[in-house]
Amino acid sequence: MTAARAIFWTIPTRFLTGVAAAGGLAFINSIGTVGGFVGPSVMGWLRESSGSHVFGLTAVAAIMVAATIASVSLKLVVSKE
């Protein structure tokens with residue numbers, strides 16, 4: 001999972017230039033910062049609600065699957081251009 005983070009920093013510069021590329025990098029940084037707060041909060045909330053870590057880990061797995069699908073779809077869109 002940590003190795004995949006480096007890939008996201010190269011995506012905006014593939015199809016954006018100048019100020020737009022800087023905005024894309026800032027957007028990625030913002031998502032990471034928000035995720036650093038929301039992830040543990042949701043995991044704790046799900047743990048408190050269910051009494052088990054199973055639902056929290058299932059939510060993490062679902063988010064990772066969604067991110068994988070989004071990354072693959074982005075690759076398909078970028079490669080067609």
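Accessible areas come from the Shrake-Rupley method with a 1.4 Å probe, and for residues only the protein chains shown count as cover. The model is predicted, so that local features need pLDDT of at least 70 and side-chain atom pairs count only at pLDDT 80 or more, while totals for chains, interfaces and linings use all residues. Residues are numbered from 1 along each chain as its sequence is written, and side-chain values use heavy atoms, with hydrogens and water left out.

**Overall form**

- The secondary structure of the protein consists of 3 helices and 0 strands, where helices (H or I, at least four residues) and strands (E, at least two) are DSSP runs numbered from the N terminus.
- The radius of gyration of the protein is 16 Å, well over the 12 Å that the globule rule gives for 81 residues, so the protein is more spread out than a compact globule; this radius is taken over C-alpha atoms, and the rule is 2.2 Å times the number of residues to the power 0.38.
- Taken along the principal axes, the box filled by the C-alpha atoms of the protein is roughly 50 × 25 × 20 Å.
- The accessible surface of the protein is about 6300 Å², and 73% of it belongs to carbon and sulfur atoms.
- Of the 81 residues of the protein, 9% count as buried, a term for residues under 20% relative accessible area, while exposed means over 50% and partly exposed lies in between (1.4 Å probe, protein chains only).

**Helix H2**

- With 33 residues, H2 reaches 47 Å from its first C-alpha to its last, which is close to the 48 Å expected at 1.5 Å a residue; the expected span is 1.5 Å times one less than the number of residues.
- A kink of about 30° in H2 is centred on Gly35, the bend at a residue being the angle between axes fitted to the seven residues ending there and the seven starting there.
- Ala21, Gly24 and Leu46 are the buried residues of H2.
- After H2 comes Gly51, whose phi is positive, near 80°.

**Helix H1 and distances along the chain**

- Thr13 lies in H1 (residues 2–15) and is partly exposed, with a relative accessible area of 46%.
- The C-alpha atoms of Thr13 and Met43 are separated by 33 Å, and these residues are 30 apart along the chain.
- Thr10 is likewise found in H1, where its relative accessible area of 42% makes Thr10 partly exposed.
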